[in-house]
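Read the sequence and the model side by side.

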Amino acid sequence: MTTSTLPRQLKTAHGTIRLPAFVPVTTFGKKYPLDDLVRPYLPRLASAAMVSFHYARQMKERPSLPLFIDSGGFASLFENATVRS
Amino acid sequence: MPTSPYIELNPAQKEVVDRGLLTSGFSSVLQMPTGAGKTWLAEQAIAATLESGARAIYLTPLRALANELVERWRARFQGYEVGVFTGEYGQKQSYPVPFERAHLLVMTPERLDACTRHWRSHWNWFPKVGLLVVDELHLLGERGRGPRLEGAIMRARRLNPFLQLVGLSATLGNRGELAEWLSGVDFGSDWRPIPIEWRCVRYQRATDKPRILREQVAACVAAGGQSLVFVQSRRRAEQLSSELRGAGIAAGHHHAGLDSQDRRRLENDFRNGALRVLVSTGTLEMGLNLPARQVVLYDLQCFNGIDFVPLSTNTVWQRAGRAGRRGLDTQGEVVLIAPAWDRVADKYPAGQFEPVLSGLSEGPALAEQILAEVSSGLARTRAQLGRNLRQSLAWHQRRLSQVDRVVGEMLDAGMLAEVSDDDARGTVLKPTRLGRIAVRQMLAPSTVLQLARALQGESAERLTFLDLLLVCAQTDDCEPLIPLDFDEIDEIGARLACERSFLLSGSQSDILARFEVRGRRLLAVIKTALIAREWTRRGNADEVADVFGCYAFEVRRLSESIERILTAAVAVITPPKEDGDTPDASPPPRLMEDEPPLLERVRALAAMVAHGIDEQAVTLTFLSGIGGTLARRLHAAGISDVEELVLADPIDVAKVRGISKARAERWIDEAAELIRTRSAFSLRETGRTVAASHVGWPREIDPYRLRRALDLRVRKKSEGFAVDGGLEPHRVRLVGDALVCDCADFDKGQTCKHLLAVRLFRKDQDLVRLVERLAADGAAGQIDLFQLWFEGGRR
């Protein structure tokens, strides 16, 4: 029998994420306007949020909770997208 | 929950705290008597909310109380920004703390209503709110403000599902039902810091009432107490306080007609004991902390707009709750002065409160809220609208059965449009341009419709300034509407005769067809419009109030209200911007002799009303950078219009506060350019006056008074003539060759109707010919105010 060494929480500069955590995904910019309406409530609903790099670049005001940024690889499928190594 | 260790909780407060009602996260409705510490509980809930990092809103119905609370809470909640958001701010002066910075927002229900209607502009702070405290929750049942409070609460809860609401009141007959509506819990307590003793003093004749009041008040004052007397009218408050002073009692009066500084002074004088008796209308019923050992209810009835009705138990208890000062009195005393033949007063001490019923069941209130829901984007389809309105108290009380009918009426009236929408797979509701104007200006839809009918009708270009003010004054949003007394009819008739008006010219039937109100309400509309017009000429509220026998505070409130309606009027007649418009959509140049178009006149009138300046001074505002405030300053410095500005020396102009020499020179150049095409008198009205339908009529004879003279009866007496048939009999004497009347109108230098009646009695041929002309002109005569009076108080 082994004891778990997984952390119970992650401390970040923008707050502590208690694990296991519900991490909703949000976007910035004009593509999904409903996200603008839900985002102010995220700090009450979750201890962190996740945003794709493509949308994170459009962020004007940072939400007051820790943010995970994923690669946003889907952006490579956009017209005229280039992939650099 | 953090509580101050130095404060000993009373039993009611302790129960609320022990049960964790304020920290449970659930909404709650707390009903406790006046003075039992509701505000302290609210303060604890606010403290807990702020400490959690969320923001709090405190709603209070009174501006004065909002200011008082903000002062107190700035000291109490140091480290947090406390903002005040009432009608005093926002338009002419900015909020001391902006919305997005405030942690604690003290506001009136109307401000919250505006925030929820324009929620997108407030999205940077509204989701951060965790607590909404609604003081005087029974306001929900008030006819005018209740539906707006209900709409605001309904939208606030929908926009912010985390919102915890705490409702406070001393008088709720259906506390449980209200808590159920809010999905919360209710708490009630009868515990009072000072017990109340109720007494009912009966009178046989109404004329006994002042004596009874003197006796009751004198006994209280002699025993070292203070007395708060509630009456049904401002005049009565003034009259009784004067009588009490005459009896050697330090008394003052308090009502909504006084300006806020005077009211505050009176409240302080009463608090520090300089005044022993304060005679008040309902203004002191809510909010302010102003207890007295004795509360006297001098009048047990009130005017509900149509008739006098008994006071509700809720109102009586709101007033009675002021009895007894904590730490000074062992018992409070409530005295009801009631007629011997009427037993209504017997029910009051039992405190069986009436239930608070939603006002949204009334069509106009529902129409306004439907428009707010659709315009704010919170309801796009009829189904969504239905779902939203199911969150209302009206729905909860099964009093909302007419939504479809009202929506239909609004579609017919052009306030809403139903258009097909592929995304919604059906039709969606959209506000029309008129609908958006109503929402933006927070006006009832009916007001905007009335403006549209008047300003887009065939005769719109013939409307004078007075006509435009009449149009505003007859809307539901004109506040206050100043009633006309019977004995003012002659004076108002004479004033009207000197005014230019299209709406009030022609036959009585023509005139009445142009108005949507009748009888005494129309008389009030006419008087109110004349007051607003006089304000634009004098710019001094005290002077205007003196002329019309009203209060300066009412004149200022009226100017604010009419300015708001005129702003909507400008929007109604401003041509909409079409997508295909070319950038050069400016109107063609006008010749100097052309009448200014309606839009220009309405805009000018809005500035005149906003700043109390006349049609000449307002031409100064046509120059870039001169608003109403500077125009008023220039006017006060002797520069009354653009032409006088052209002739002025820049050095003199620069002596006016806020104007540099460079600005003065620029404006003088601009004015010189302007007067090449526009005269300073371009807005001056030159049409016929209301009385001038009788061309060549002798100036000294007022046609209106002459017509009234025909209704009077004259009898020859030894020492002159007795004239009756009017409000009261009068006597006309012959002094030398001159006739002298004992009426007030004659005293003011007028040729009064009694004098004219006597001259007719004596077969004065000049006058007889004028009467014949009057009959021949008939259809062109001016409005018969007397007839309106006897039509009564019809809508």
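How many salt bridges does the rule find across the interface of chain A and chain B? The model is a predicted one, and in it the rule finds 0 salt bridges between these two chains. Polar contacts do occur: 5 residue pairs, both members at pLDDT 80 or more, are in polar contact between chain A and chain B. The side of chain A that touches chain B draws two or more residues from each of two elements of chain A, helix H1 (33-38) and helix H2 (42-45). By class, that side of chain A has 4 nonpolar residues, no polar ones and 2 charged ones.

The contact joins 6 residues of chain A to 10 residues of chain B. Together the two chains bury about 680 Å², and carbon and sulfur atoms account for 62% of that area. On the chain A side, 77% of the area buried against chain B comes from A:Leu37, A:Tyr41 and A:Arg44, more than from any other three residues.

The cysteines are the next topic. Over all chains, the structure holds 0 disulfides. B:Cys200 is in no disulfide, and the nearest cysteine sulfur, that of B:Cys302, is 17 Å away. B:Cys200 is partly exposed, with a relative accessible area of 35%.

What keeps B:Cys741 from a bond with the closest cysteine sulfur, in B:Cys743? The two sulfurs are 3.7 Å apart, which is too far for a bond, because a disulfide requires cysteine sulfur atoms within 2.5 Å. B:Cys741 counts as buried, at 5% relative accessibility.

Notes. Residues are numbered from 1 along each chain as its sequence is written. Chains are lettered from A and ligands numbered from 1 in the order in which they are written. This is a predicted model: local features need pLDDT of at least 70, side-chain atom pairs count only at pLDDT 80 or more; totals for chains, interfaces and linings use all residues. Side-chain values use heavy atoms; hydrogens and water are left out. Contact means heavy atoms within 4.5 Å. Buried area is the accessible area (1.4 Å probe) that two parts lose on being put together, summed over both. A salt bridge is a side-chain nitrogen of Lys or Arg within 4 Å of a carboxyl oxygen of Asp or Glu. A polar contact is a pair of N or O atoms within 3.5 Å; within protein, one must be able to donate a hydrogen and the other to accept it, and residues adjacent in sequence count only if both atoms are side-chain atoms. Helices (H or I, at least four residues) and strands (E, at least two) are DSSP runs, numbered from the N terminus. Ala, Val, Leu, Ile, Met, Phe, Trp, Tyr, Cys and Pro count as nonpolar, Asp, Glu, Lys and Arg as charged, and the others, Gly among them, as polar. Buried means under 20% relative accessible area, exposed over 50%, partly exposed in between (1.4 Å probe, protein chains only).
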